[in-house]
Amino acid sequence: MGKYLAKRLLLMIPLLLGITIITFSVIHLAPGSPTDLVTDLNPQAGAEARERLIAYYGLDKPLHVQYVNWLKRLATLDFGQSFQPDGKPVIEKIKERIPITIEINVLSMIVIISIAIPLGVISAVKKDSFLDKGTTVFVFVGFATPTFWLALLCMILFGVKLGWLPISGINSLDYDRLSLFGKIVDRGRHLIMPVILGAFGGLAGLSRYMRSNMLEVVRQEYIQTARAKGISEKRVIFKHAMRNALLPVITILGLSVPTLIGGSVIFETIFAIPGMGRLFYQGVMSRDYPVVLGILFIGAVLTLIGNLLADVGYALADPRIREGEG
Amino acid sequence: MRRSLLLSDFFRRFTRNRLALSGLVIILFFFFLSLFAGYISPHDPNEFDVRSIFSPPSRGHLMGTDELGRDVLSRMIYGARISLKVGFVAVGIAVLIGTCIGLSAGYFGGIIDTLLMRFVDIMLCFPAFFLILAVIAFLEPSIWNIMIVIGLTGWMGVARLVRAETLSLKSRDYVQAAKALGESDLKIMFRHILPNTLAPILVAATLGVAGAILTESALSFLGIGVQPPTPSWGNILTAGKDNIEFAWWLSLFPGLAILVTVLGYNLLGEGIRDSIDPRLK
Amino acid sequence: MKGNRGRRLSLFILFLAVVLATGCGDRSEKKSAVPPKDVVDIAVGDGGKAPYYGDAIVIGSIGDISGLIPNITSDSASRDIGDFIYDGLVRYDKNLEIEGVLAESWEIKEGGLKIVFHLRKDVKWHDGEPFTSKDVLFTYKFMIDPRTPTAYAESFLQVKNAYAPDPYTFIVEYEKPYAPALGSWGLYILPEHRLRDTEDPIKSEQNRNPVGTGAYKFVEWKPAERVVLESNHDYFLGRPYINRIIYRIIPDQATMFLELKAGGVDFMGLTPPQFRRQTEIAEFNKNFNKFRYISFSYTYLGYNLKNPLFKDKRVRQALSHALNRMDIVQGVLLGLGVEATTPYKPDTWVHNPGVRKFEYDPEKAKKLLADAGWKDSDGNGILDKDGREFSFTIMTNHGNEARSKTATLIKSYFEKIGVSVKIRIVEWAAFINEFIDKKNFEAVILGWGTGPEPDQYNIWHSSKTGEKELNFISYANPEVDELLEKGRRTFDKEKRRGYYWRLQEILAEEQPYNFLYVGESLPAVHRRFRNIEPAPAGITYNFIEWYVPESEIRYTKF
């Protein structure tokens, strides 16, 4: 296992380098110099700020030198300073915003897993039944609805008409004065809508994937053998088939991380959640290059970590990888 | 001979799949709508009338009017054209890039394969929507930029699919035979291998169109989608969202149109997949 | 956000308006100096529900603040918050007359070349330090320091000399008479003891955790989420009744309105469709008071006068005749606004009601264009002259729905007279940097914030056409230059009126801008808040006197 893990980690290095190259090229894609913005908005502080930025990014040096310098800074998680009037270091801004985004995405992931897997299994077992078709259509409708529209409809229903759930934000005004239990309940009530709506995107794909995996596995010889041995159908499905069908799902989960993170822009805007997605959008709209690059990089790294976790999970679950190829 | 048999098999299975068929019908419906938009639409989609702003559906305006008194039905019909165009062109670009990369990686193998597939892995690490946002905001949200960027960030799935297919086809007898006969690599790739990867490409493309339509609506929500006054379903819906409670027609119709179309493409894609590989059905 | 939809409008207006040599002249909505005694009288008339110290108000804002030293920020949200935390020496009262705040009184000497401010002696900073003239002097020096990244320095660069002879006297001297001088001292005064050793004010503690003299003290700022303020019990104009202000940042307009209806927000600005169509129901009016009043701003279509297309006055007049402004006000604002004819707010003393008006008359427009040589010689529906077609791009900034709707309508109107138009919507930063500052545009739809001070030197004077200056349309007229100069050097109101009336006549005749409309502010406030009295300055000028009767308090914990 250790050997496998080491190999996996080594493989990450070229990926990480590739991520930095693509991120770096984004800044050179945009028209104009990245220093224009700051200096132009503050005419009084112009020349000095411009020089500082040119020095920071080494914009007077050849590209490959700029890249290497930037890489060195990146290694210490130094993304530079935001171009916004608050001038905060980018890493500080990301630190402020990232916890809530991760919280929501992890919760969404849990919701996806806990709904999609049973749904997939059931529709595979009861293939072509009304239930199978019904769930197919249901998950597809959820997936096909523009999320911001669905979100607004839910807000009107649960927030305004029924008054069951808070409409936006992540906690109530008196959150700081609540007991620990009160805090958890309050946060939970605020996050129900964004988490469930966020899960819809992944639900369709994963439940369909689970379904076809199940169908595939069920036809395998060892399952047929198990059946022939007279093991109960329930046991066959849940003990033998499901375990094997679950394996590839782990990989898919790792791959769905970037989709979830990407979707956070929309959710965080509509639900007024102070997360990283909104920070990214604001950065993009105000051409705050350091923030944009920082988040692109962090987002990609998060995905990389997600994939690594998925691979490790896979290895743990499947002894062939652990021992064989290692 | 063998292929036509498979095709007829495919059609037999496909026509039995009611969900997939309904998907196809939906798609064809909107396709014709956008093709004949000029003939069908009852009004000029850009003709405003400030005296009938936000009028509910009536005989004169079957889907009501919008925030400038324009006929929503006409805008929906023209919007279909834009939304489908975004979907098709974006996916066209994605399929083109994905197929070329997948074919080369699978066929040549070795270092080329490793390099190309690492590139795919890297691209897959980026949240595509972040890349799209960054690029569109830095450039300009014209319809062409939107289509190109969605395409440029959506080809990785196709590349992986095509590579996998290519790997398994490469060792087939007829490919080996062609090689032995000294046919050029390009010819083998495009003449012998590509046609056999078309089915999974078609599935991926169908699902891709659905995704592109949703992406366009998300961009519209953020205000960087197709620019006014050109109607797209995404920007009609976005204009409708601010008045969702009283001008329900302004969000309901585009919302449903997107939902139904995306659903249609997904069902069709799934249907094609099932019909190609009947074991999973 | 978008988000941000309405945010950009006010951001733009404020960013540029305040540069208008009016200093902080647009601080029209401000706390009043009326002592709380009066409130009791009003409250008695209010069913005996006496004013009560308590409750919190939740204000909805589309955009986050960018910092807490409003002297160096340019977005409206930061200035709204700054207004509660800081004070100026003077301010405009509810009738837009100048009154003292930190300055108890002042003397204008030497024909206006010298102002002596006598400061209040009972003012303390929120951290307990006494407020003195060294704070004022420090703020002045801060504003003119070239290292200070502020857009509001212009008025203070006019000062020849400023000094503080004793802790409660502050004196400024001007080279030439400068009419906007007094109003410019509405500038927020900053605490010297917190900022004197700071290298970079942007990164200072004061910009994150400010100390002011104002009616409310800073509590916390959770980025992109909320800003919380609590009432200053020792405020020198009286303790505010409402204990807390919670500024909630909600980037989507639709979400914010749902929050308002569900009780999550108490106070927000409505959009015209919300005002007209979604709040005309009993249930809404049971819970909310709506207000409407003409705002200090106007929207215009500005032409790049360096472009040969727009050089001819007849062409610009034709384009003005081609628009049905009534329909634009109806279509974009649902009638909640008025047509603009000059750059001044219609109900102010400086506004000239008698200028030339451009009624909707497409035939006249076509004729004027024909006189200027524009004819459709190839029959393609688009006018041409010397082989060049009359087509151009109208640009506006992203996130402002009213402006993009306006662009859509203008495009249709212009196409009716054979002028082809493209619309391009660009996000704010790029819009200013790459297009406005570099004069790289054909026509733009933008707005100016105006204020009680009529000096518009920076917008119209031919010397202000340099890069990053405000006369970006490159307008030049010697008579206008002279009027602007006289206007800002004269203290006599009647004489000033004369200059500015003539200025408006010329602008109306020449149409360097196609003046479009003046919108209305449309705030909605929860009904439990009492003592809100609309005045020319808006509604928040007497915020410290707003209160909630004890029986209706919602947030008892604060």
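User: Which residues in helix 5 of chain A meet helix 11 of chain A?

Analyst: This is a predicted model, in which local features need pLDDT of at least 70 and side-chain atom pairs count only at pLDDT 80 or more, while totals for chains, interfaces and linings use all residues. Residues are numbered from 1 along each chain as its sequence is written, and chains are lettered from A and ligands numbered from 1 in the order in which they are written. Thr101(A), Ile104(A), Asn105(A), Ser108(A) and Met109(A) in helix 5 meet Leu260(A), Ile261(A) and Ser264(A) in helix 11, where meeting is contact (C-beta atoms, placed from the backbone, within 7 Å) and helices are DSSP runs (H or I, at least four residues), numbered from the N terminus.

User: How do the axes of those two helices cross?

Analyst: The axes of helix 5 (residues 90-125) and helix 11 of chain A come within 10 Å and cross at roughly 120°, with axes being lines fitted to C-alpha atoms over the stretch in contact and angles running from 0 to 180 degrees between N-to-C directions.

User: Switching topic, how many residues of chain A are in contact with chain C?

Analyst: In that contact, 34 residues of chain A touch 41 residues of chain C, and helix 7 (147-161) is among the contributing elements of chain A. Helix 7 of chain A gives the most to this side, with five residues.

Methods: Contact = placed C-beta atoms within 7 Å.
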